[in-house]
Number of protein chains: 4
Amino acid sequence: MSVRVGLLGATGAVGQRFVQLLEDHPTFEIAAVTASPESAGKSYRDAAKWRVDTPIPDHVAEMTVRETTPEALPDDLDLLFSSLPSGVGAAVEPELCRAGYVVSSNSSNERMAEDVPLTIPEVNPDHLDLLETQREERGWDGALVKNPNCSTITMVPTLAALDQFGLERVHVATLQAVSGAGYSGVTSMEIIDNVLPHIGGEEAKMETESRKLLGDVENGELSLHDVDVSASCNRVPSLDGHLENVFAELDANPDPEAVHEALESLDGADLPSAPDQPIHVFADPDRPQPRLDRMRGKGMQISAGGLRETAEGVQYNCLAHNTIRGAAGASVLNGELLVEEGWV
Amino acid sequence: MSVRVGLLGATGAVGQRFVQLLEDHPTFEIAAVTASPESAGKSYRDAAKWRVDTPIPDHVAEMTVRETTPEALPDDLDLLFSSLPSGVGAAVEPELCRAGYVVSSNSSNERMAEDVPLTIPEVNPDHLDLLETQREERGWDGALVKNPNCSTITMVPTLAALDQFGLERVHVATLQAVSGAGYSGVTSMEIIDNVLPHIGGEEAKMETESRKLLGDVENGELSLHDVDVSASCNRVPSLDGHLENVFAELDANPDPEAVHEALESLDGADLPSAPDQPIHVFADPDRPQPRLDRMRGKGMQISAGGLRETAEGVQYNCLAHNTIRGAAGASVLNGELLVEEGWV
Amino acid sequence: MSVRVGLLGATGAVGQRFVQLLEDHPTFEIAAVTASPESAGKSYRDAAKWRVDTPIPDHVAEMTVRETTPEALPDDLDLLFSSLPSGVGAAVEPELCRAGYVVSSNSSNERMAEDVPLTIPEVNPDHLDLLETQREERGWDGALVKNPNCSTITMVPTLAALDQFGLERVHVATLQAVSGAGYSGVTSMEIIDNVLPHIGGEEAKMETESRKLLGDVENGELSLHDVDVSASCNRVPSLDGHLENVFAELDANPDPEAVHEALESLDGADLPSAPDQPIHVFADPDRPQPRLDRMRGKGMQISAGGLRETAEGVQYNCLAHNTIRGAAGASVLNGELLVEEGWV
Amino acid sequence: MSVRVGLLGATGAVGQRFVQLLEDHPTFEIAAVTASPESAGKSYRDAAKWRVDTPIPDHVAEMTVRETTPEALPDDLDLLFSSLPSGVGAAVEPELCRAGYVVSSNSSNERMAEDVPLTIPEVNPDHLDLLETQREERGWDGALVKNPNCSTITMVPTLAALDQFGLERVHVATLQAVSGAGYSGVTSMEIIDNVLPHIGGEEAKMETESRKLLGDVENGELSLHDVDVSASCNRVPSLDGHLENVFAELDANPDPEAVHEALESLDGADLPSAPDQPIHVFADPDRPQPRLDRMRGKGMQISAGGLRETAEGVQYNCLAHNTIRGAAGASVLNGELLVEEGWV
């Protein structure tokens, strides 16, 4: 079986990761690429300033970049992946869903909408049930699924694994790589010999998206998890890989060994791009480190380490590759879930 | 008045900062420098690989480096500053105090000893009262005063300012500069395009030293503050300046404006190297940043910013220059306090 | 005496350096600041995203930013400093000179024009004689003086010092700091764990500007030096300070000691911002280094080191602070020369 | 066919690259690993602080580290690879050759000895003929072959390709990655926001090794090429990949197109680890860049770009992965050549 996919916003940093990840995908085949009106009509090779460390695939390089509108897309696409800027996504994604396309989107618009599944396949695959509500309420033939923000994805699978111990309160500080801001998002003058203590909107995303991801969907209705999350987000001079320091208050007060075991026992998803084991836990407190560990599981495995008991629970570090597991790979995984569940 | 000081461990990264800071000091005058036996007998210029960004002062450059023993030191020194490795400090500082020297030390040995003042002049100058107990119990003619670890100093003045609101619980994550590990402590292969999630012993230092600094001394007896601190310490690729993300639970639940005001109102110390206002608070959430703000108040002022209300209190960021306010400058300030209080 | 100066393009990276350098200037007083039309009407504080490591001077912060046109400027300015983008400079600088303003400009437009002095006070102050020709040919009441590109300034004073040995051929490779590209010129994704082997137009600037700076002006006519320069320009992950590896072929084949002496003997200019000795030479082959040595002479002294004989001459390294000696400071120095020579 | 190899100095940065490169080698099989006496007796996993970005191979991890002496090595090894510190190499490599081992060494000792082949298979495979002379003069049963220094290997294949145009004089400046100095060779305090203009002994290595590599071996006698090379070597804050700016004077004065063609036409070696085409030339002047291009050809292909005509020849940039093509991979390639030519 082959699934013909279109990439919306294909020339940016995350768009290039999509191209790279889909190059050897068993079922997904890139059939169209879109970008901004200025790039439309150019070859992908000319429109994208290719900066990924593997060569640009020839067949994609020669595709003509299209505009991001329902009219400009071919009819025979089975699935769209979107890494559009959120403003553009907010305008065009509903239009595409109305026109019948199924969209797995990394853009931040509508992530918190009550009838839009915000999904990590290993955490809350059942949230796809919201698509029924979505189609009903919005009168769409297509469907819109979101993956969370890169900083949220890094942490939430670990929280999902710990929820069995009664997750009550989370404090988290992030050390985020510059690629999370896009190719030109952080200038060298800003970050050399420095750290930026603020990423606009990021803290709120972590605080709200986590509650939705860990929440329940029953009878097509979403209820948020009541965990209270406080986040502090920082940009550091690493290229890829978000490291996060998590302090989790747990009602059951498990010992670190039980936490270690719980983290490594989170069930994997039976999908082509999913790692067998979603979370690897290091015993060495020096790990995980962004440069050494971000490519575990082809960039799709989350790492944890530095487990320590605290007064009310546990503290630990977690790490994920922000443009693979945290962005393009997250959307691909959701696309695979949509296929698996019959939405595509 | 002139106070003749000796520098113990004068050739290392912190030792060089001492030399730089004391260059234009109104009363302290460097009269002797010591280092390891291999350096003894050399000129300071030859023994120290000078790496500070101001020229090496000529009169210090030409001093002969001495061994770090009571016998090797001149008799007419009024005060010693120590930045010895903690193992060496543990062996030699008591000997020097027994021989009658007053030592203001940055080394980590004995920081938590019950009869050793661990002091920040703006926070707990009254802890010097412990010196009476110290002399009595140890039979010393001299005296030993410590300043806390660089990561602790960055945060504790802010906690002292907030204690009026009922400080109950602190979660803190640090983004620490490489200079905190000494000149050769972090290799370039470890830290370029990377972050290290662990600094050996650092978390315990922050957790225990904070409680001592915020504690009370009455009748020569120390009682620890009962705040519970959980720290997560990271090394990042910046040269100087520790940035910290603090989540403080406060019984009184003040609003951010009251917190802002409290931080800026912490009383300064009336000492030559103390900034008029110990803590500057930025309204801009992008600040403080290590490279832009570490030199505020000649490296002695602490910066804060990013104030936000949380469910149980407040979160904010704070920053200090780790080898000035956090090390050499901290000892100098304690030295000034010792003079002011008549111990020198 | 006070000279009232206007800053054209005052909000950019170089513009901010102008403000910083002029803060304590003995005679120059900032009386007007201009920027792009979008900034006009705002306070300088709001228009400039201040990123220099000293506080923004209050009196400048409160100035209203003007448009960069003759009409928008006050009449009583004695001198203008320009760090406009070269396209804007090309359009507006001639207009201002026609209107009678004397302009000391860092912008690259017209640097190679035959009747525009391209000047480094310690190298070719006599090139100001070209201003007579300029006024005659262009019918201007004002005057336009340029300083060379930052990479050129770093090397040319050393070549001027060596020309006594018969300078014939130069090969030079540069390791240039990111600030040379402006605040947003180099993204972090481009430069972390990397080096860029190309800076558009930079090599040609070094090759042609050097010949003009070392050339002669006689009877109001310029003749270029016949040295042949080949440059290879690279961007590296340092913030400030261009390091250059120079191979100079010298007819007289002097020994390294003579070269050392010649470099240190280049005459200083008797101007307020000029260092007493323009070039400092290190004996230690490890120096100069950008971070350790860029601030020598308040950022105005050039450093050299690593002298070694080659088959046809000598090789050495040189370093200058690219936004002080190489940009804003260079224009200020030319402004001081214009005052000294009676053009202002 | 399987060739049993021993790795001398297997725990260091280059040693780990050997382990990584040999993991999937078609014929070489790691049969023994050695390190310093302190590591001997430990498992490789414990002795090596594994820092390569692929997992440590299990069968090597469990090997017991041996001392680096003939007695400590098993008898049935066919070939030894050496990345010993040069002092240790100088002491032990001759002993091993005397004991009958064939050694392909990356250590710098004896690289310039007249009877020791210094070999790059694509450049001077015929230099292996020196082994006859070596055995005769030294009375060895084994053999010692060297590969050049990492900075030399990056440039010399390009010079070999250009020698057809009459190579007369080379000026080269290098921008070398920190891994070239070993895991702890460059501290973070030295290199963040900085560049080091000196690497001890490196310039002399490039200048002399180049002439040997490009020289002739006839009747067992070596004659050096008479090209004159002047090198200036710098350390920059990149992890892997040496970039070099080359200015080559060529008697025939070819145009850049002919140079481009000549570089891409250098013959490849028919060996398992050799890339089909030794040198790739970029038309884009922005390339090669260390981070983007060091892994071309699994780290074994050299990249060039930025071709420009100069007065006497051509200038260009070249790049190679310094610990693969420039160290471990270079020795492996020489090992393959030794097998191919029947010396193993």
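**Questions on a predicted model**

Biologist: Between which strands of chain A is A:Asn219 found?

Modeller: Helices (H or I, at least four residues) and strands (E, at least two) are DSSP runs, numbered from the N terminus. In chain A, the loop that holds A:Asn219 lies between strand 8 (216–218) and strand 9 (221–223).

Biologist: What kind of model is this?

Modeller: Residues are numbered from 1 along each chain as its sequence is written, chains are lettered from A and ligands numbered from 1 in the order in which they are written, and side-chain values use heavy atoms, with hydrogens and water left out. Local features need pLDDT of at least 70, side-chain atom pairs count only at pLDDT 80 or more, and totals for chains, interfaces and linings use all residues, in what is a predicted model.

Biologist: Does A:Asn219 count as buried or exposed?

Modeller: Phi of A:Asn219 is near 50°, a positive value in a residue other than glycine. A residue is buried under 20% relative accessible area, exposed over 50% and partly exposed in between (1.4 Å probe, protein chains only). At 82% relative accessibility, A:Asn219 therefore counts as exposed.

Biologist: What is the relative accessibility of D:Lys298?

Modeller: D:Lys298 is found in the loop between helix 10 and strand 13 (302–309) of chain D. Its phi is near 55°, a positive value in a residue other than glycine. D:Lys298 counts as exposed because its relative accessibility is 70%.

Biologist: Which residues point the other way from C:Leu79 and C:Phe81 in strand 4 of chain C?

Modeller: In a regular strand the side chains alternate between the two faces of the sheet. Strand 4 (residues 79–82) of chain C has C:Leu79 and C:Phe81 pointing one way, all of its residues are buried, and those pointing the other way are C:Leu80 and C:Ser82.

Biologist: Which residue in strand 5 of chain C is the bridge partner of C:Ser82?

Modeller: Two strands pair if DSSP finds at least two bridges between them. Strand 4 of chain C pairs in the parallel sense with strand 1 (residues 3–8) over 4 bridges, and C:Leu8 stands opposite C:Ser82. Strand 4 also runs parallel to strand 5 (residues 102–105) of chain C, with 3 bridges. There, the bridge partner of C:Ser82 is C:Ser105.

Biologist: What is the handedness of the β-α-β crossover from strand 4 to strand 5 of chain C?

Modeller: The chain passes from strand 4 through helix 4 (residues 86–98) to strand 5 of chain C. With the strands pointing away from the viewer, a clockwise path from the first strand over the helix to the second is right-handed. This crossover of chain C is right-handed.

Biologist: Which C-alpha of chain C is nearest the axis?

Modeller: Copies are superposed by least squares on the C-alpha atoms of residues with pLDDT of at least 70 in both. A rotation of 180° with 0.0 Å of shift along its axis superposes chain C on chain B, with RMSD 0.0 Å. The two copies are therefore related as by a two-fold rotation axis. At 3.2 Å from the axis, the nearest C-alpha in chain C is that of C:Asp193.

Biologist: How many Å separate the centres of domain 1 and domain 2 of chain A?

Modeller: Domain bounds come from an automatic or database domain assignment. Chain A is divided into domain 1 (3–148 + 327–340) and domain 2 (150–322). Taken over C-alpha atoms, their centres are separated by 24 Å.
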